[in-house]
Structures are given as C-alpha cells and as structure tokens.
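Keep the sequence and the 3D view side by side.

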Amino acid sequence: MIAEQNILEQLAQGRQQPIADAYKLYRDEFVHWACNRFQVSEEEAKDIFQEVMVAFYQNAVSRKLTELTSDLKTYLFGIGKFKLINLQKKNNRTVTLSGDELIKLSVNPIEMNDENEYNKKVIQENLKHLSDKEQALLKLYYEEGMDMKTIAEKLGYKNADVAKKTKYEAFKKLAGLVKKNLKMFMLI
C-alpha cells in the first residue's frame with residue numbers, strides 16, 4: 001500500500017512500486033470521476049490519468065515536487081482536472097456540419113474563409129479513401145438528392161435498404177477519417 005508521507009522520497013530514490021500502487025489505487029476512481037464530471041470517453045480519461053501519473057512521477061524524480069500539501073489523491077485529481085479542462089477546450093473548438101454540408105463542402109465551390117477552405121481540403125482528401133462506389137453513393141445522395149431506391153438501381157444494390165445501410169456506413173467511415181484529420185469537426 002502507499003505510504004503517502006514518504007512517497008516522494010521513495011520515487012526520488014528510484015523506487016517504482018509507489019507509483020504502481022498509486023496507479024492501481026486511483027485509476028478506476030479517476031476514470032469514473034472524469035467521465036461523469038467532464039463527459040469524456042473512458043479511453044480519454046485513461047489517457048489523461050496516464051499523463052497525470054507521468055507528470056507526478058517526473059516532478060517527484062526531478063525534485064520539482066518535494067512536499068505534498070494535500071493528500072496524494074487530491075494532488076493527482078488536481079493535475080487531472082486541469083488536463084481535462086484543456087482537453088475540453090480543445091474539443092470545443094469545433095465546426096458543426098450536417099451530412100449535407102459535409103459532402104457539399106467537399107465538392108461545391110462556395111465562398112469560404114480560411115477555416116472552411118481547410119475543412120474542404122480535409123474532406124476531399126478523405127473522400128479519396130472511400131471506394132469509388134461509396135463516393136458515388138454519397139455524391140448521388142447528398143449532391144444530387146436522389147432517393148435510395150433510385151440510387152440502389154443506379155449503383156446495383158439489391159434494394160433501397162441495402163443502399164441506405166451502405167450510405168450510412170460510408171458516411172460514418174468518412175466522418176471518422178475526417179475527425180481524425182480535422183482539428184475542428186463535430187458531426188451532427
């Protein structure tokens with residue numbers, strides 16, 4: 001178990017066990033707290049906690065932190081709080097695009113500011129990662145406004161339901177690719 005009163009000294013002496021104990025003791029509680037309080041995913045919360053533990057360890061080993069003025073849990077959660085707030089700020093810098101806007105932005109020359117121009121380029125680049133049939137399906141639906149029955153006939157799908165499911169999967173794939181590469185993107 002963690003002896004909080006001398007954890008900093010143990011870490012400074014090169015002992016690893018206190019950090020492992022603290023990680024095991026507080027990780028699940030931190031993840032639960034972060035997910036509920038900051039509405040982050042479990043994966044994001046786990047990543048943040050990892051960053052918290054690395055920062056704590058580095059501060060202890062480098063002797064930047066020589067004394068805890070609170071209990072260890074409070075200290076770790078305090079670091080985590082600031083990291084979570086920074087993550088929220090980063091995530092809140094978004095552009096909201098509907099499916100129609102996403103596809104139209106990628107192909108239609110409309111008046112754009114620099115940010116929209118960047119978004120357009122990212123979308124166009126990621127459209128290239130879809131199959132030709134997926135690209136055609138999205139363009140027929142979003143650009144030309146065709147119904148699913150017509151699209152199914154034109155592209156050779158079994159029926160409108162298959163075309164609709166394929167459109168959904170292609171759009172989800174495109175949105176995932178765009179989200180990875182676009183700093184400011186949120187699909188509505």
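Which residues in H7 meet Met148, Ile151, Lys154 and Leu155 in H8? They are Lys133, Ala136, Leu137, Leu140 and Tyr141. Contact here means heavy atoms within 4.5 Å.

A word on the source. The model is predicted, so local features need pLDDT of at least 70 and side-chain atom pairs count only at pLDDT 80 or more, while totals for chains, interfaces and linings use all residues. Residues are numbered from 1 along each chain as its sequence is written, and side-chain values use heavy atoms, with hydrogens and water left out.

Back to the pair. Two packed helices are described by the angle between their axes and the distance between the axes. H7 covers residues 132-142 and H8 covers residues 148-155. They pack at an angle of about 145°, and their axes are 10 Å apart. Axes are lines fitted to C-alpha atoms, for helices over the stretch in contact, and angles run from 0 to 180 degrees between N-to-C directions. The crossing of H7 and H8 is right-handed (the near helix is turned clockwise from the far one by less than a right angle).

Now the whole chain. The protein has 9 helices and 2 strands. Helices (H or I, at least four residues) and strands (E, at least two) are DSSP runs, numbered from the N terminus. Along the sequence the pattern reads α-α-α-α-β-α-α-α-α-α-β. Of the 188 residues, 37% count as buried. Buried means under 20% relative accessible area, exposed over 50%, and partly exposed in between (1.4 Å probe, protein chains only). Take the contacts between residues at least 6 apart in sequence: 60% of them join residues at least 24 apart.

Next, the cores. A nonpolar core is a set of buried Ala, Val, Leu, Ile, Met, Phe, Trp, Tyr and Cys residues joined through side-chain atoms within 4.5 Å. The largest one has 27 residues, and Phe56, Leu72 and Leu76 touch the most other members. H1 (7-12), H2, H3 (42-61) and H4 (72-92) each supply at least two residues of this core. Leaving aside residues up to four places away in sequence, Phe56 touches Ile7, Leu8, Leu11, Ile19, Leu65, Leu72, Tyr75 and Leu76.

A second, separate core has 10 residues, including Val122, Leu138, Leu174 and Val178. Val122 is found in H6 (residues 114-127). Val122 counts as buried because its relative accessibility is 8%. Its C-alpha atom is 9.1 Å from that of Leu177, 55 residues away along the chain.

Turn to H2. Its 22 residues (17-38) should span 32 Å at 1.5 Å a residue, and the end C-alpha atoms are 30 Å apart, which agrees. The expected span is 1.5 Å times one less than the number of residues. H2 has a kink of about 40° centred on Tyr26. The bend at a residue is the angle between axes fitted to the seven residues ending there and the seven starting there. Tyr26 is among the buried residues of H2, as are Phe30 and Phe38.

Finally, the loops. Gln39 lies between H2 and H3. Gln39 is not a glycine, yet its phi is positive, at about 50°. At 60% relative accessibility, Gln39 counts as exposed. Arg63 lies in the loop between H3 and H4. Its phi is also positive, near 70°. At 42% relative accessibility, Arg63 counts as partly exposed.
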